[in-house]
Amino acid sequence: MTGFFEGIPQFVEQAQKYVSDAFSRVRLDNTRRNRVLRRISLAEAAEMLGCDRSYLYTLLKRPDAPKGETRGREKTLSVADVLKVRAMAGSNPNSRTMTLPWRRPGDHLPVITFNSLKGGTGKSSSSAHFAQYCALYHGLRVGVIDADPQSTCSLYFVNDDVDIIDPDVDTFTDFMGLPKDGTVRRRTKHDSLRMNSFWKPTPWPGIRLIPGGASIQIADIALYMMTQSPNPEDKQIFRMLRDAISEWDRAFPPKTLPEDLAGPDGTFDDDAYERALTECVDLIVIDTAPSLSLAQVNAVMAADTLIVPQTMKGFDLSTLHTYLGSLDEYLYFASKQANPINFKPTGSMILPTLVNTQNDVDIRTIGELYSINKDFISPIYYRSHDAAANAFQKYQSAYEYVPEKGQRVGIRNVIANANAVSEHILHRAIPGIPSRGFVDAFIDERYAEGVIPKWSPSGGGDVELKAPGKKEVAA
């Protein structure tokens with residue numbers, strides 16, 4: 001008689017090892033060792049910073065400015081250099097050219113969750129690009145929580161310092177105190193230093209990560225067991241991550257103001273800057289698995305703003321309808337529990353992804369949904385970019401990928417697209433962030449007259465757009 005640990009169990013055990021070996025040795029190792037090495041030209045840096053080149057040149061002449069690196073005839077900057085230049089400019093309280101919109105003492109910590117029921121919608125790449133956009137183009141300090149056991153979002157941030165392949169890596173379920181032992185029915189109460197230790201540094205200055213990992217897969221068992229606890233507090237399983245984030249934020253609030261980064265003589269204080277990068281975060285981005293398990297619902301319940309990346313095909317909209325119905329039932333059930341969650345009125349929305357712009361089928365679907373309720377779906381969408389695949393194969397975002405000579409135009413298009421989508425999400429989630437013009441540029445390029453009103457972060461009047469006729473730029 002065949003034993004239990006033969007057949008499928010044996011296959012799964014062995015295949016897991018083989019795939020893990022290939023995954024770590026062939027596809028990820030090189031990227032982890034060479035993370036965020038892309039050099040940024042001064043023209044690109046000026047765009048990221050939102051200033052003209054002459055002002056950037058003035059900043060770089062300061063003795064406390066980054067020295068950069070000369071390649072060929074032009075000086076280039078690293079990602080860390082760009083962020084430091086922004087902090088230098090933002091430390092001047094009289095500066096109107098460039099600001100540093102850090103969270104101030106007493107400000108709420110915004111949480112933006114990317115969740116959908118369908119896989120393959122670009123959810124992880126969307127959340128990773130959004131987090132990196134917030135750092136690069138606004139200087140924000142970002143906490144990234146990867147709630148997916150597949151750890152896809154983590155791949156865009158990790159280097160050799162964080163081993164996400166390790167099955168014992170701490171994940172968000174550990175951060176929120178979920179017991180690893182399924183027989184324990186009570187949440188583990190971590191002290192503040194232990195909670196802070198779950199946030200791992202990344203090669204991106206100001207971005208910290210709670211990585212995804214295998215332990216997330218068994219979290220639902222522990223969550224179910226906690227519902228059997230005699231303690232009513234332990235039964236509030238839907239708000240565990242939300243409460244854990246609040247506890248950590250209370251222990252590590254924002255303290256440093258941008259103007260604190262400059263000494264009495266105006267010289268930039270590097271030590272104060274480095275401390276400020278890790279004292280807190282200005283927002284949290286959560287990427288999830290394509291499911292609505294108990295653990296994943298925690299990621300939704302923790303959010304102020306829910307972004308649902310979704311492709312626009314007919315069958316996909318049926319999946320979206322099912323997802324929204326299931327989520328509605330969870331929310332209704334949670335509202336009837338003791339100590340219900342009070343959600344803030346922020347800009348949750350459907351985010352169209354992988355939109356085919358070679359025909360008008362996907363665009364018509366977006367337009368139809370937008371005409372019903374323009375706050376329900378984003379008119380700013382992710383195109384289907386062939387060029388993005390080159391970066392994603394190396395687990396790199398478009399912001400750090402170094403393209404071959406023939407790929408540069410395509411990657412620039414991907415970056416422009418990511419900037420527009422990310423700016424739209426940021427303005428919906430945190431009103432008042434200065435506009436960079438990426439959304440308006442997207443609409444001016446993509447929409448025909450009268451199809452979709454012009455969007456503005458200040459909520460201004462609708463404006464009819466130009467007639468169509470622009471030719472697609474090859475990706």
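Is Pro-203 buried, partly exposed or exposed? Pro-203 counts as partly exposed, because its relative accessibility is 24%. Buried means under 20% relative accessible area, exposed over 50%, and partly exposed in between, with a 1.4 Å probe and protein chains only.

A word on the model. It is predicted: local features need pLDDT of at least 70, side-chain atom pairs count only at pLDDT 80 or more, and totals for chains, interfaces and linings use all residues. Residues are numbered from 1 along each chain as its sequence is written, and side-chain values use heavy atoms, with hydrogens and water left out.

Back to Pro-203. You find it in the loop between β6 and β7. Strands (E, at least two residues) and helices (H or I, at least four) are DSSP runs, numbered from the N terminus. Leaving aside residues up to four places away in sequence, Pro-203 touches Arg-35, Val-36, Phe-157 and Asn-159. Touching, or contact, means heavy atoms within 4.5 Å. Leu-37 is 166 residues away along the chain, yet the two C-alpha atoms are separated by 9.5 Å.

Now the strands. β6 and β7 (residues 207-210) pair antiparallel, over two bridges. Pairing requires at least two bridges found by DSSP. Pro-201 has Arg-208 in β7 as its bridge partner.

Next, the whole sheet. It is open, with seven strands in the order β6-β7-β5-β8-β4-β9-β10 and mixed pairing. β6 (200-201) and β10 (349-352) stand at the edges with a single partner strand each, so one side of each has no neighbour in the sheet.

Last stop: Thr-365, in helix α13 (residues 361-372). Thr-365 counts as buried, because its relative accessibility is 15%. Beyond residues up to four places away in sequence, Thr-365 touches Met-312 and Leu-317.
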